[in-house]
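Please consider the model shown below together with the account that follows.

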Number of protein chains: 2
Amino acid sequence: MTKVPLPSWADTSPRRKILDFVARVTRPGGRDYVAPADRIAVFDNDGTLWVEHPLYAQGMFALDRAKHMAASHPELAAKPVFQAFVNQDMAGLAACGKQAVIELLLHLHAHATEEAFALEVATWLVEARHPRFDKPYTALAYQPMRELLAYLAANDFRNFIVTAGGVDVVRMFSEQTYGVPRERVIGSSGKTEFRLNGRRGEIRKLPELQSFNEYAEKPVNIALHIGRRPIVAFGNSDGDLAMLEYTASGPGRRLPMLLHHDDPEREYAYDKDTHVGKLDVALSTAVERGWTVVSMKDDWSRLFRDKAL
Amino acid sequence: MTKVPLPSWADTSPRRKILDFVARVTRPGGRDYVAPADRIAVFDNDGTLWVEHPLYAQGMFALDRAKHMAASHPELAAKPVFQAFVNQDMAGLAACGKQAVIELLLHLHAHATEEAFALEVATWLVEARHPRFDKPYTALAYQPMRELLAYLAANDFRNFIVTAGGVDVVRMFSEQTYGVPRERVIGSSGKTEFRLNGRRGEIRKLPELQSFNEYAEKPVNIALHIGRRPIVAFGNSDGDLAMLEYTASGPGRRLPMLLHHDDPEREYAYDKDTHVGKLDVALSTAVERGWTVVSMKDDWSRLFRDKAL
């Protein structure tokens with residue numbers, strides 16, 4: 001294979017560390033060899049695989065759904081997160097946090113069947129546009145990360161998305177956008193129930209949070225869904241720190257990575273002073289431990305597949 | 001490929017139905033074609049993939065652990081399930097049910113790290129012997145089912161185990177015994193927590209049930225872990241009925257199957273009058289709907305890989 005791997009990565013330290021790591025763990029008989037069964041890589045989604053500013057795509061989705069459903073759900077109107085929604089108060093919404101957004105969505109979609117909800121998400125993904133880039137959110141997946149996912153998969157890694165976003169939202173684009181099959185998406189989830197509707201067995205959403213997949217819940221859900229400690233982890237915020245600690249502290253060679261948004265020209269610049277993708281303790285921990293920190297500005301030669309962006 | 005598929009199946013109706021189903025859903029352009037992404041097959045474990053009588057292997061595991069740990073856990077001694085354990089009262093134990101056994105295990109292993117628990121299970125799987133067959137439990141995986149799993153995998157199906165057994169027990173043998181990777185095992189689970197022990201990130205078990213994966217919880221967990229409705233499902237007890245209903249009532253061609261233990265010579269004969277793998281409503285439903293019912297006696301020419309059995 002003469003194709004150069006990771007073409008959208010600059011020839012800087014992170015790219016070299018990735019290539020070196022993969023070469024070491026896949027070299028049969030080498031000191032750092034890892035059997036294919038154990039080649040597990042986990043990726044945060046918002047801000048790691050695609051753009052998360054000015055607000056998580058799932059927040060935008062909830063905003064659009066809330067507008068549609070405000071009249072029929074007066075009981076939700078008193079909630080601060082709903083007020084922030086209807087007033088399009090982005091700062092207020094960000095301050096409410098990702099969990100409040102997910103809980104609002106749970107209420108908005110209570111009792112929907114999984115098929116009906118999937119259709120709503122699929123429709124929204126086609127129709128919605130990012131306020132700055134004016135493109136569908138899936139066009140804002142980072143090309144360097146798509147290349148990294150493909151490169152790992154070609155080296156017999158199994159890639160998982162471990163996201164605070166709703167599992168049944170992210171699954172609607174993970175296969176097409178990232179090449180990650182639905183069953184390899186681990187996300188926040190609401191409780192559901194199984195009922196017979198005549199002879200038809202249906203899964204319906206209940207208005208109750210089951211798991212908010214952020215912070216320590218990420219490794220907990222990795223253990224539940226995968227049953228193996230990953231050897232590669234990639235995040236961009238404090239919500240990913242536990243997942244990075246879990247990955248980094250296993251035996252043998254490990255690759256914990258953190259994306260730093262420092263590129264206001266091409267995307268955004270933020271770390272500790274934002275409500276959306278706050279990066280503070282995770283960054284100082286990464287520096288202290290020598291984890292790989294990727295500078296969007298310096299380490300990525302290209303951000304998106306669409307060259308017009 | 002000249003190899004005859006499913007050699008341990010008799011040339012009776014179930015084998016022909018499986019071959020016909022797979023031929024139809026894999027024929028490109030055919031009316032029943034299913035894209036590889038949607039070829040999901042789910043299998044119960046106890047009594048479907050391996051022997052479950054006289055008691056679920058996990059019950060035997062709990063029995064052995066309870067004996068070891070009785071002295072150090074006096075607070076458990078009052079529980080009926082524990083009494084049944086220490087008295088080796090098999091009928092009483094079976095009457096307590098699978099959930100009580102799993103909860104006892106949760107208490108016995110409270111605060112164990114995932115690695116320590118995995119080691120206990122792995123050791124037990126090597127050392128334990130089935131009381132009738134005097135073989136390790138993994139030697140009691142049904143050869144016809146191993147062939148079916150391999151046949152489906154060769155036809156681009158993704159096989160999942162959906163078991164009431166503990167997810168972190170079944171994962172310890174699923175890869176070697178069934179060719180099913182750990183992340184494709186969905187089972188009962190206890191809550192866990194992630195904590196830093198110095199710099200080492202650890203998952204520890206908590207003495208609290210998270211999900212008892214039986215009855216309606218099976219489709220609920222399939223939706224959570226897979227995010228797709230299966231097109232093939234195989235069970236053997238009433239605990240599998242909801243999973244079979246869920247599978248059977250999706251659009252397009254479906255293959256719901258039920259194993260009937262009617263072979264006292266080679267294995268066991270039981271259905272509605274047992275505490276272990278009770279099969280009653282699921283059998284009448286299968287007959288009524290025309291689902292495939294597999295007779296162990298008539299439809300399997302061979303039960304185990306080990307010909308001495």
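**From an enclosed helix to the backbone**

In this predicted model, the buried residues of α9(B) are B:L241, B:A242, B:M243, B:L244, B:E245, B:Y246, B:T247 and B:A248. The helix spans residues 241-248 of chain B, and eight of its eight residues are buried, so α9(B) is largely enclosed by the rest of the structure.

The contact between the two chains may be taken next. Chain A contributes 31 residues to the contact and chain B contributes 30 residues. On the side of chain A that touches chain B, the elements giving two or more residues are α7 (167-178), β3 (185-197), β4 (200-211), α8 (217-225) and α9 (241-248) of chain A. Of that side, the largest share comes from β3(A), with six residues.

Within chain A, the packing of α7(A) against helix α5 (residues 114-127) can be followed in some detail. The axes of α5(A) and α7(A) come within 9 Å and cross at roughly 55°. Because of that angle, α5(A) is oblique to α7(A). The crossing in which α5(A) passes α7(A) is right-handed. From α5(A), the residues A:E114, A:F117, A:A118, A:V121, A:A122 and A:L125 meet A:D168, A:V169, A:M172 and A:F173 of α7(A). The residues of this helix contact divide into eight nonpolar, no polar and two charged.

The backbone remains to be examined. Most residues other than glycine have a negative phi, and most peptide bonds are trans. Against that background, which peptide bond of chain A is cis? The bond from A:H53 to A:P54 is cis, with omega near 0°. A:P54 belongs to the loop between β1 (40-43) and α2 (57-69) of chain A. In chain B, a cis peptide bond joins B:H53 and B:P54, with omega about 5°. B:P54 is located in the loop between β1 (40-43) and α2 (57-69) of chain B.

Two residues of chain A illustrate the matter of phi. A:L6, a residue other than glycine, has a positive phi, near 55°, and is placed in the segment before α1 (13-26) of chain A. A:L6 counts as partly exposed because 19 C-beta neighbours lie inside 10 Å. Phi of A:D134 is also positive, near 55°, in a residue other than glycine. A:D134 is placed in the loop between α5 and α6 (143-154) of chain A. With 9 C-beta neighbours inside 10 Å, A:D134 counts as exposed.

Technical notes. Residues are numbered from 1 along each chain as its sequence is written. Chains are lettered from A and ligands numbered from 1 in the order in which they are written. This is a predicted model: local features need pLDDT of at least 70, side-chain atom pairs count only at pLDDT 80 or more; totals for chains, interfaces and linings use all residues. A residue is buried if 20 or more other C-beta atoms lie within 10 Å of its own, exposed if 12 or fewer, and partly exposed in between; C-beta atoms are placed from the backbone. Helices (H or I, at least four residues) and strands (E, at least two) are DSSP runs, numbered from the N terminus. Two residues are in contact if their C-beta atoms, placed from the backbone, lie within 7 Å. Axes are lines fitted to C-alpha atoms, for helices over the stretch in contact, and angles run from 0 to 180 degrees between N-to-C directions. Angles under 35 degrees count as roughly parallel, over 145 as roughly antiparallel, 65 to 115 as roughly perpendicular and the rest as oblique. A crossing is left-handed if the near helix is turned anticlockwise from the far one by less than a right angle, and right-handed if clockwise. Ala, Val, Leu, Ile, Met, Phe, Trp, Tyr, Cys and Pro count as nonpolar, Asp, Glu, Lys and Arg as charged, and the others, Gly among them, as polar.
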